[in-house]
Structure formats: C-alpha cells, structure tokens
Amino acid sequence: MDFLKKFFPFSFKPKEVTKDFVLTIVLYAVASVVGGVVLGLLARIPYIGFTFSIASYLLGVYCTGGIVLAILHKVGVIK
C-alpha cells in the first residue's frame, strides 16, 4: 500500500472527512479534463503528436486510477 500512497497521495486522505473526498474526486476530474484538452491540442502537432497522445492516455489512466482508489479508500476496502 505504501507504493500506491507515493503515487496517489490525494486518494489516501482520511476517509472520515467527506469534504476531502469530494475535493479529491473534483481535483482528479478537472486535471483529467484540462490535461486532456491541452494534450489533445498538442497531439495535432506533426512529428511529436504521438508523444502527446501517449501522455494524454497516461494522464487519463492516472486520474481514473486515483478516483477509483479514493472511492475504495472511502468505502474501506483498502487502508
């Protein structure tokens, strides 16, 4: 679990505080949308667009994983 806590620090906030949980979900969602738009626009650049396409995909996977971990931590499945 320490490995996941290093990569997803916001997902492991105290589960008793609902405000932190909602803020974490919103933070990951906004980061995914804004990053996806910016990286999507940069992906149209010739020759280096493929790199930005991969970065956009990885950002989406990271944000989705963060949301899932936050929900699992809030429910009590992981500690």
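Predicted model: local features only at pLDDT ≥ 70, side-chain atom pairs only at ≥ 80, totals over all residues.
Okay, let's start with helix H3, residues 49-75. There are 27 residues in H3, and from its first C-alpha to its last you get 39 Å, close to the 39 Å expected at 1.5 Å a residue. Several residues of H3 are buried: Gly 49, Cys 63, Gly 66, Leu 69, Ala 70 and His 73. What covers them? Helix H1, residues 2-7, and H2 are included in that cover. Once H3 is over, you run into Gly 76, and its phi is positive, near 100°.

Take Ile 78: setting aside neighbours within four places in sequence, Ile 78 contacts Met 1, Phe 12, Leu 69, Leu 72 and His 73.

Over to helix H2, which is residues 18-42. Thr 24 sits in H2. Is Thr 24 buried or exposed? Its relative accessibility is 5%, so Thr 24 counts as buried, the cut-off being under 20%. If you skip residues up to four places away in sequence, Thr 24 touches Phe 10, Ser 11, Lys 13 and Ala 70. Ala 70, remember, is one of the buried residues of H3.

Last thing, the surface. There's a nonpolar patch there with about 1,100 Å² of accessible area together. Its members include Val 22, Val 26, Val 30, Val 33, Val 34 and Val 37, along with Leu 41, Ile 45 and Tyr 47. Val 37, for one, is found in H2.

Methods:
Residues numbered from 1 in each chain as written. Heavy atoms only, no water. Contact = heavy atoms within 4.5 Å. Patch = residues over 30% accessible without salt bridge, like charges linked within 9 Å, V, L, I, M, F, W, Y side chains within 5 Å. Areas by Shrake-Rupley, 256 points an atom, 1.4 Å probe, with all protein chains shown as cover. Salt bridge = Lys/Arg side-chain N within 4 Å of Asp/Glu carboxyl O. Helix = DSSP H or I, 4+ residues; strand = E, 2+ residues; numbered from the N terminus. Expected span 1.5 Å × (residues − 1). Buried < 20%, exposed > 50% of the residue type's maximum accessible area, 1.4 Å probe, protein only.
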